[in-house]
Amino acid sequence: MITYSEVQDTIPVKEDLFLTRVDVLYNDSHKIKNFFKTLAYEMQTSDEIFFLVSFIRMSGAQLLTRELLELEKRNVPIKILTTTYLNITEAKAIRHLLKFKNVEVKILPLKNESFHTKAYLFKRNSNQNTVIIGSSNISHSALINGHELNVKIPHTQHMPAYEQTMDFFNKMWMHEKAVFPTEDFLAKYEQHQKTEAALLPSFTYEASATYLDNTGVRPNEMQKEALKNLQFTRKNGHTKGVIIAATGTGKTYLSAFDVQQLQPNRLLFIAHREELLDNAIKTFSSLFQDEFLCGKITGTTKEYDKRFVFSTIQSLSKDGTLMNFKKDEFDYIIIDEFHHAEAPTYKKVIEYFKPKFLLGLTATPERMDGRNVLELCDNNIVYEIRLRDALEAALLAPFHYFGLSDQTIDYGQVDIVNGHYEEQSLVRALSTFTRVEFIIDKIETYGYDGNSLHGLGFCVNIDHAKFMREEFNKRGYVTECLTGEDSVEFRAEIIKKLEDPKDMLSIIFTVNIFNEGIDIPKVNLMLFLRPTESSTVFIQQLGRGLRKIDNKEYVTVLDFIGNYKKSFIIPLALSGQYNAKAFDADSLRVAVSHEFADAPGGSVVQLDPIAQREILERLENIRLNPKEVLKEMYFQFKREIGRSPELEDFLYIEEAPSLTFFLYNHKSWVRTKKYMKDLSAFDEWILADDFRYAIVERIESALPIKWPYEYAILYLAKFTNEVSVDTVVSWLTKRFDFEIKRKQHDTLILRAMDRLSKGTKKQTWSFGKLIEETFFVNPEITELFNDDIYFAYIKERLEYGLIDFRRTFRTELVLEQEKKLALYRNYSRNELMFIFEAKVPEGSWREGISKVDNHYLLFINLNKAEDVEDHLHYKDFFKDPTTFHWQSQNKTSHTSAQGQEYVNHKERNTHVHLFVRKFSKMHGMTLPFMYLGELDYISSHGDKPMTILWKLHRSIPEDLYHDLIR
């Protein structure tokens with residue numbers, strides 16, 4: 001029975017959203033059903049709507065734009081009553097709401113009265129009326145990520161909350177002081193807000209820190225963790241390290257805090273642009289409260305004698321400058337934008353000085369000038385925080401992303417050359433008056449944060465950027481275009497104008513020059529005006545506008561999505577899980593259908609229905625032809641980095657394709673390149689010798705590694721023929737910057753040595769022999785590893801595995817646990833046999849349950865394969881995010897020993913672990929199991945098989961739960 005509105009449009013069907021159920025609503029980054037999603041759904045299914053809230057901000061009103069547009073088309077009446085309580089309501093938000101013909105707004109001006117009422121009423125001709133009452137006003141924070149609690153109550157005779165709230169709404173609507181806001185009212189209100197004394201901020205308290213008391217600047221959470229890691233890395237004897245942190249997260253302040261905790265006698269700070277030096281000097285001088293502390297070395301300034309010296313690399317690398325300093329002149333050297341450090345000027349300076357510690361800072365190691373840049377810091381990545389993490393940690397401003405269906409262009413008519421749109425044909429298709437009008441209409445419909453527009457528009461090429469500038473300027477906007485042809489001085493001048501609230505310039509149309517190092521903190525609108533063919537570029541563009549500054553609530557992103565063939569790149573980029581799920585089109589379909597409910601840090605993604613449908617169709621095509629997509633991704637990746645990809649590139653290009661699928665299909669990276677007909681002379685040399693190649697394949701076959709022991713042993717095999725357990729323990733301690741306790745790892749290290757001492761089905765050779773507690777490296781391996789060129793290739797594979805392990809797993813947590821497992825990570829049965837130290841041959845675990853000592857492991861295929869026999873179709877499913885319904889093997893009963901083990905597992909100190917996968921195979925690849933944690937027995941019934949309800953120790957995050965139950 002349909003119980004929604006009487007409109008004949010398609011009825012929105014959403015999992016977990018019902019009109020007839022009482023529901024408690026709160027915001028959680030892992031909940032698909034937050035307050036905003038519920039509010040949008042209620043609006044879509046209503047015939048009349050009433051809002052009563054204390055205040056309305058543009059950040060909230062903008063998020064309701066799509067629903068308001070749909071309701072305007074259907075002519076659904078909307079009444080909204082708000083107030084001027086505490087002057088928080090924004091006039092801009094009221095103007096935005098009044099654009100819609102079906103919306104009536106009244107404002108209750110309040111001087112001394114409080115007003116905390118928040119109610120949302122939804123009337124339906126079917127009488128399935130609902131009301132939401134709680135704490136949320138209409139603002140970004142209240143709708144998305146603030147600490148709010150609301151209750152949704154459907155109307156019933158026994159619970160007449162809807163009717164009672166409607167009576168109250170009508171009473172307030174007719175209040176004698178409630179007025180329809182005119183432009184005069186709004187202008188006077190805005191003036192009042194400017195003159196009203198600012199309210200005191202909420203009181204906060206933090207325990208005192210060791211970082212300079214008198215500046216008021218404190219490390220953020222990212223910086224605190226990085227500072228702790230820096231202390232530990234030095235304690236472990238490291239003299240170099242690199243920090244990878246997203247733009248806007250405070251790398252310069254972090255380095256200043258570290259200098260403060262280390263207190264070096266002399267400091268050298270190196271950058272490649274003078275404006276970076278000026279910013280750094282400002283930061284250090286402010287933090288140390290000493291305007292005479294810092295000196296500068298540039299083409300025109302030579303302040304050699306200051307305690308802290310800040311120099312451009314161009315000036316410092318000149319012999320005349322460098323020789324002014326002794327080799328050990330500086331205790332501490334910091335290199336900003338460290339990914340440039342492979343350049344000869346940097347190498348010259350790095351090789352000259354001998355500091356006690358050298359720190360590299362970069363947001364983008366993927367844009368390295370040379371692939372070996374991390375070796376300059378001994379591959380010691382002290383801390384890493386990427387864009388998604390930074391958003392989650394609220395270090396960047398959240399974005400409101402609107403994926404808009406662009407029907408003004410048919411990409412099917414654009415010429416394609418070598419799998420890509422031909423540039424001139426694409427520009428002709430995009431450069432139309434109709435499209436310009438459409439873009440302007442959407443800017444005016446969706447709006448932006450703040451009173452003045454500071455926009456960036458990303459274009460295809462110079463002709464496209466110039467066309468956009470001219471057409472926008474003809475229509476009353478003041479815009480400019482910047483390209484690689486413009487001088488640095490001209491770019492700086494235009495950027496300064498865009499940042500100036502008094503300047504009329506409102507949008508810069510640009511071509512590829514804002515992808516590195518350029519920051520415009522005041523940007524509040526980004527226009528994606530070209531088809532997104534690369535998720536890397538998509539992320540780079542997105543990152544340009546996210547730097548946090550005072551009074552910036554959010555950034556608006558308008559993406560004009562057409563029917564182009566690579567529109568599936570958008571969910572890959574937005575999901576932030578490209579490596580993990582590159583070919584799991586089903587998971588991406590869930591993400592698209594739920595509009596990325598797990599978007600990080602309070603960010604919001606909305607796709608209009610046509611754009612959503614087109615992306616889902618593209619995803620279906622991927623599912624049907626994965627090998628072609630794999631080939632396409634290889635060459636797309638090659639184009640992005642300007643050369644043939646190597647293993648390291650998969651680590652540092654933020655949205656690189658999944659290496660796992662390439663290795664699964666072709667057994668090794670060099671054979672992948674052979675399949676792609678993209679071999680180098682060195683690749684051919686590797687393949688020319690069977691033994692040389694076999695070592696590479698065996699090392700790569702372990703990727704992604706779930707423990708570091710074999711890779712540590714092979715690393716050490718370069719330097720010694722005899723590797724002891726103690727040597728491995730001390731190497732791991734230094735590598736991971738925390739104390740590895742021998743007694744927690746010795747049996748696993750010995751097991752790893754044993755694995756290396758054996759061949760495989762295809763490979764009869766081994767890496768060495770295990771005698772007692774020492775691994776003796778085979779002479780043939782030693783001989784090959786003594787070839788420095790060959791070992792550099794092997795080392796790249798070992799580094800990839802170890803860095804990826806450190807990044808993927810919280811190493812200090814995983815390596816300290818009794819069983820070295822991480823929640824929500826994937827494991828094969830053989831990997832679990834190693835971790836649990838099972839004393840049976842690899843490959844012998846085939847059943848749905850395995851036991852090692854006092855641990856039971858349940859292996860569940862949620863979707864049984866068609867070729868599974870009927871008697872093995874166990875009824876295993878989730879009842880909710882914490883409860884799992886499981887059927888034992890057919891022979892198990894309550895009276896059997898096995899049945900008693902399950903029922904009494906807690907009393908017997910037996911642990912039960914749950915591992916699940918949605919399918920046993922996908923695209924011909926056997927899938928691993930995801931670890932969901934330990935289980936406790938709740939209840940059971942029946943025999944042969946027993947049906948058992950288990951309770952998970954930790955509730956499954958809601959976005960993952962919905963992915964698993966589909």
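Is Phe-433 buried or exposed? Phe-433 is exposed, with a relative accessible area of 52%; buried means under 20% relative accessible area, exposed over 50%, and partly exposed in between, with a 1.4 Å probe and protein chains only. The structure is a predicted model, in which local features need pLDDT of at least 70 and side-chain atom pairs count only at pLDDT 80 or more, while totals for chains, interfaces and linings use all residues. Residues are numbered from 1 along each chain as its sequence is written, and side-chain values use heavy atoms, with hydrogens and water left out.

View 1. Rings of Phe, Tyr and Trp (its six-membered ring) pair if their centres lie within 6.5 Å; planes under 30 degrees apart count as stacked, over 60 as edge-to-face and the rest as tilted. By this rule the count comes to 54 aromatic pairs. The ring centres of Phe-433 and Phe-467 are 6.3 Å apart and the planes stand at 20 degrees, so this pair is stacked. Phe-433 belongs to helix H16 and Phe-467 to helix H17 (residues 462–474), and the two are 34 residues apart; helices (H or I, at least four residues) and strands (E, at least two) are DSSP runs, numbered from the N terminus. Phe-467 is buried, with a relative accessible area of 15%. For Tyr-715 and Trp-731, the ring centres are 5.1 Å apart and the planes are at 45 degrees, so the pair is tilted. Tyr-715 is in helix H30 (residues 709–716) and Trp-731 in helix H31 (residues 725–736), so this pair ties together parts that are 16 residues apart in sequence. Both Tyr-715 and Trp-731 are buried. One aromatic cluster is formed by Tyr-634, Phe-635, Phe-637, Phe-650, Phe-662 and Trp-669.

**View 2. Strand E9 and its two partners.** All five residues of strand E9 (residues 267–271) are buried, so the strand is largely enclosed by the rest of the structure. In a regular strand the side chains alternate between the two faces of the sheet. In E9, Leu-267, Phe-269 and Ala-271 lie on one side, Leu-268 and Ile-270 lie on the other, and both faces are covered. E9 pairs with strand E11 (residues 308–312) in the parallel sense over five bridges; two strands pair if DSSP finds at least two bridges between them. Within this pairing, Ile-270 stands opposite Ser-311. E9 also pairs with strand E12 (residues 332–335) in the parallel sense, over four bridges, and there Leu-267 stands opposite Tyr-332.

**View 3. An open sheet of seven strands.** The strands follow the order E19-E20-E18-E21-E22-E15-E23, and the pairing is parallel. Strand E19 (479–482) and strand E23 (604–607) are at the edges with a single partner strand each, so one side of each has no neighbour in the sheet. From one strand to the next, the twist averages 15 degrees. Strand E15 (residues 399–405) pairs with E23 over four bridges in the parallel sense, and Phe-402 has Gln-606 of E23 as its bridge partner. Helix H16 (residues 433–446) lies across E15, strand E20 (507–510), strand E21 (525–528) and strand E22 (555–561), and runs at about 150 degrees to E22. Axes are lines fitted to C-alpha atoms, for helices over the stretch in contact, and angles run from 0 to 180 degrees between N-to-C directions.

**View 4. Two buried loop residues.** Thr-249 lies in the loop between strand E8 (240–245) and helix H9 (251–262), and is buried with a relative accessible area of 2%. Contact means heavy atoms within 4.5 Å. Not counting residues up to four places away in sequence, Thr-249 touches residues including Asn-220, Met-222, Ile-385 and Leu-396. Ile-138 is placed in the loop between strand E6 (130–134) and helix H5 (140–145), and is buried with a relative accessible area of 1%. Ile-138 and Leu-63 are 75 residues apart in sequence and 9.3 Å apart in space, C-alpha to C-alpha.

**View 5. Cysteines without a disulfide.** A search of the whole structure finds zero disulfides, a disulfide being a pair of cysteine sulfur atoms within 2.5 Å. For Cys-459, the closest cysteine sulfur is that of Cys-481 at 8.1 Å, too far for a bond. Cys-459 is buried at 0% relative accessibility.
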